[in-house]
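Here is a short tour of a model that you can follow in your own viewer. Please keep the sequence and the coordinates open side by side as you read.

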Amino acid sequence: MSEALRAILEALTPENWTRVRTSLFEAIVEAGLDAVEAEAILREAAKRVGGTLEAVRQAWRDFLGGKKEDATAAKDAVDLALKAGAQLWHTPSKEAWATLPRAGHVEHHPLRGKEFRTWLAGLYYQEKGKPLYAQALQDALAVLEAKGLFEGEEHEVHTRLAGHGGKVYLDLARPDWLVVEVAPSGWRVIPAHEAPVRFRRGRHQKPLPLPERGGSLAPLLELLPLRERRDVALVLGWLVGALSPKGPYPILVLAGEKGAGKSTIARMLKALVDPQEAALRAEPKDVEALMVGAKGSWVLAFDNLSKIPTWLSDALCRLSTGGGLGKRELYSDSEEHVLEAQRPVILTGIGFGLLRDDLADRVAMVNLVRLEDGERRPERELWEAFARAHPQALGALLDAVSLALRRWEEARKALPSLPRLADWAIWAEAAAPALGLEAGEVVEAFYAVQAGLNQDLLDNDPVAQALLLFTADWPEGHRAVFPASELLAGLEEAMGLKDARVKPEGWPRTPAGLGKHLPRLQAALRGVGLRVEAVRDARVKRLLWVLERSSGTSPATPATPASRLQDGTPERGGWKGQPPQTPAQPPQSPATPAQPPRILNGSRTPFAGDAGDAGDDAHLLSKPEEEEGWTWL
């Protein structure tokens with residue numbers, strides 16, 4: 001239901017029905033609702049105005065016209081559309097589309113969209129000299145939709161960027177519907193009908209300029225207040241990654257004090273590859289709003305965030321590496337509507353607080369400092385300079401994309417160690433020479449950011465601090481196994497919290513809470529030489545936690561890039577390889593109860609079963625998150 005239709009419906013009263021009903025009916029037609037959806041709206045309207053459903057239906061029929069010639073008009077409209085060359089097709093999600101020839105080029109529009117309805121009504125009026133009544137328009141759309149779904153070809157529809165056959169296609173969103181085709185051998189500008197992919201045009205999309213050959217990124221970089229070489233590498237790596245048709249995509253975080261130019265940089269970076277009206281958005285109110293925004297634009301930019309709540313952190317992670325949402329179709333009990341997206345994201349803010357570790361693994365953070373008064377430029381002058389630099393910078397980025405396509409295998413072999421978002425790291429490394437970057441510079445900068453974020457986590461998380469204190473005197477190779485209840489008791493003792501009434505914020509209150517918290521610390525602790533792994537003991541049928549001092553790294557030493565993740569998909573919450581073995585037990589008769597495992601290489605006493613540990617499995621068996629009826633797929 002559109003916002004306009006919802007607002008009219010909610011404002012209905014018995015007193016204003018006569019005056020407002022025409023606006024309601026026009027909104028139903030504008031939204032392109034079918035008969036079932038329109039009937040549901042009429043039922044709701046009847047309830048709100050206190051009238052009978054039949055009276056509301058009659059008013060609806062009167063509005064539609066009910067002319068005898070409507071059937072003929074609908075048939076004429078269908079014939080005219082097909083005669084004009086409209087090609088009907090559908091998407092994998094069974095949405096009907098049409099490709100229309102207009103002014104020497106072709107355009108792609110959904111059949112239920114405003115553009116196609118306007119085109120069809122105008123075509124009918126041009127031919128017949130009279131308007132196409134609302135009911136005839138609805139009937140014609142229904143016939144064309146059926147032909148698109150059951151007789152038309154199936155094509156995916158893309159927003160701004162697409163990949164096909166080893167090439168990348170960028171929609172310039174211009175009125176002439178020109179598209180850039182990027183191949184390993186170079187790039188060229190082609191008409192939309194020559195591209196093997198099809199694009200949707202969002203209502204708020206703005207056009208890109210025609211890219212210049214032999215372009216340069218230097219004029220753009222002169223406009224961005226990036227003081228560190230590492231920051232330049234991260235921004236350029238994010239930019240070329242945003243032109244990769246397949247993710248994952250790093251989340252570019254622009255942090256710093258007020259007056260550092262965060263919003264301006266974010267607006268320029270988005271405008272460079274995906275210009276849009278209202279480019280910077282406020283924090284989305286829920287997951288549905290986030291995914292709807294992702295459907296209408298390629299790059300999402302959220303400005304001036306003071307913190308990142310848990311639900312948004314999880315949603316951004318899925319948006320970075322790919323995820324979808326499913327919800328019951330409007331006015332349907334069985335059909336499910338699915339939104340799926342993978343997008344580059346920009347976040348700006350003065351201070352985000354401690355980032356959750358799964359989000360931190362995907363973040364490329366740039367810390368900016370306040371601009372001095374002598375460094376500031378008028379907004380008008382700045383954007384005029386950007387408009388001059390835009391075609392050059394876009395051409396240079398397309399050269400980098402072409403090089404990335406050509407050097408992918410070479411770059412993969414040159415990177416024996418890959419961070420999280422490994423595919424992006426390879427892509428950025430392959431494009432590095434065209435960006436003026438040294439080999440490995442982007443990956444090294446990303447590792448440095450991860451190391452800093454991991455150290456922030458260790459410095460600010462009370463459980464991480466307790467684990468480092470608890471294992472501070474362990475020699476290299478020392479390993480011990482604990483149930484969550486005993487480990488929690490040991491950590492409280494190490495922190496002096498055993499008898500404390502008030503525990504630090506974020507401290508787990510139960511063994512089950514500790515079991516949910518530990519997986520979020522594994523990567524950061526691994527970087528400082530402490531492995532924390534979960535293993536299930538088959539005999540006692542519960543989860544145990546294994547702590548091992550795996551290297552000589554001091555707990556106080558931050559992780560270095562070389563000691564960070566060695567693969568693209570680090571294990572979380574599970575045992576990698578063989579689980580630690582407990583001391584061998586002598587054969588037992590069925591009547592003899594099994595003995596509980598003992599601590600390995602430790603001096604603690606044997607532990608018994610603890611009913612509180614039953615909840616330790618919760619983080620491995622958790623249900624999919626739900627947000628107002630939406631379910632993560």
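## A salt bridge between a helix and a strand

Let us begin with E115, which counts as partly exposed because its relative accessibility is 45%; partly exposed lies between buried, under 20% relative accessible area, and exposed, over 50%, with a 1.4 Å probe and protein chains only. E115 forms a salt bridge with R102, and their closest N and O atoms are 4.0 Å apart. A salt bridge here is a side-chain nitrogen of Lys or Arg within 4 Å of a carboxyl oxygen of Asp or Glu. The pair links distant parts of the chain, with E115 in helix α6 (residues 114-128) and R102 in strand β2 (residues 96-102), 13 residues apart. R102 also counts as partly exposed, at 30% relative accessibility.

## What kind of model this is

This is a predicted model, in which local features need pLDDT of at least 70, side-chain atom pairs count only at pLDDT 80 or more, and totals for chains, interfaces and linings use all residues. Residues are numbered from 1 along each chain as its sequence is written, and side-chain values use heavy atoms, with hydrogens and water left out.

## The chain as a whole

The chain holds 20 helices and 21 strands; helices (H or I, at least four residues) and strands (E, at least two) are DSSP runs, numbered from the N terminus. Of its 633 residues, 50% are buried. The accessible surface is about 29,700 Å², and carbon and sulfur atoms account for 50% of that area; the areas come from the Shrake-Rupley method with a 1.4 Å probe, and for residues only the protein chains shown count as cover.

Contact means heavy atoms within 4.5 Å. Among contacts between residues at least 6 apart in sequence, 71% join residues at least 24 apart.

The salt-bridge count comes to 26. In one of them, the side chains of K270 and D274 meet at 3.0 Å, N to O, and both K270 and D274 are buried. Another joins the side chains of R407 and E410, at 3.1 Å from N to O. R407 and E410 are three residues apart in helix α14 (residues 379-414), so about one helical turn separates them. R407 is buried, with a relative accessible area of 16%, while E410 is partly exposed at 49%. There is also a network of salt bridges that links E39, R43, E54 and R57.

## An enclosed helix

How many of the 11 residues of helix α18 are buried? Eight are, so α18 (residues 484-494) is largely enclosed by the rest of the structure. The buried residues are A484, S485, E486, L487, L488, G490, L491 and E492, and they pack against α17 (462-470), β17 (479-483), α19 (511-517) and β19 (542-549). Just after α18, G496 takes a positive phi of about 70°.

The axes of α17 and α18 come within 9 Å and cross at roughly 85°; axes are lines fitted to C-alpha atoms, for helices over the stretch in contact, and angles run from 0 to 180 degrees between N-to-C directions. That makes α17 roughly perpendicular to α18, a label for angles of 65 to 115 degrees. The contact is made by V463, A466, L467, L469 and F470 of α17 together with L487, G490, L491 and A494 of α18. By class, this contact has eight nonpolar, one polar and no charged residues; Ala, Val, Leu, Ile, Met, Phe, Trp, Tyr, Cys and Pro count as nonpolar, Asp, Glu, Lys and Arg as charged, and the others, Gly among them, as polar.

Definitions and conventions. Angles under 35 degrees count as roughly parallel, over 145 as roughly antiparallel, 65 to 115 as roughly perpendicular and the rest as oblique.
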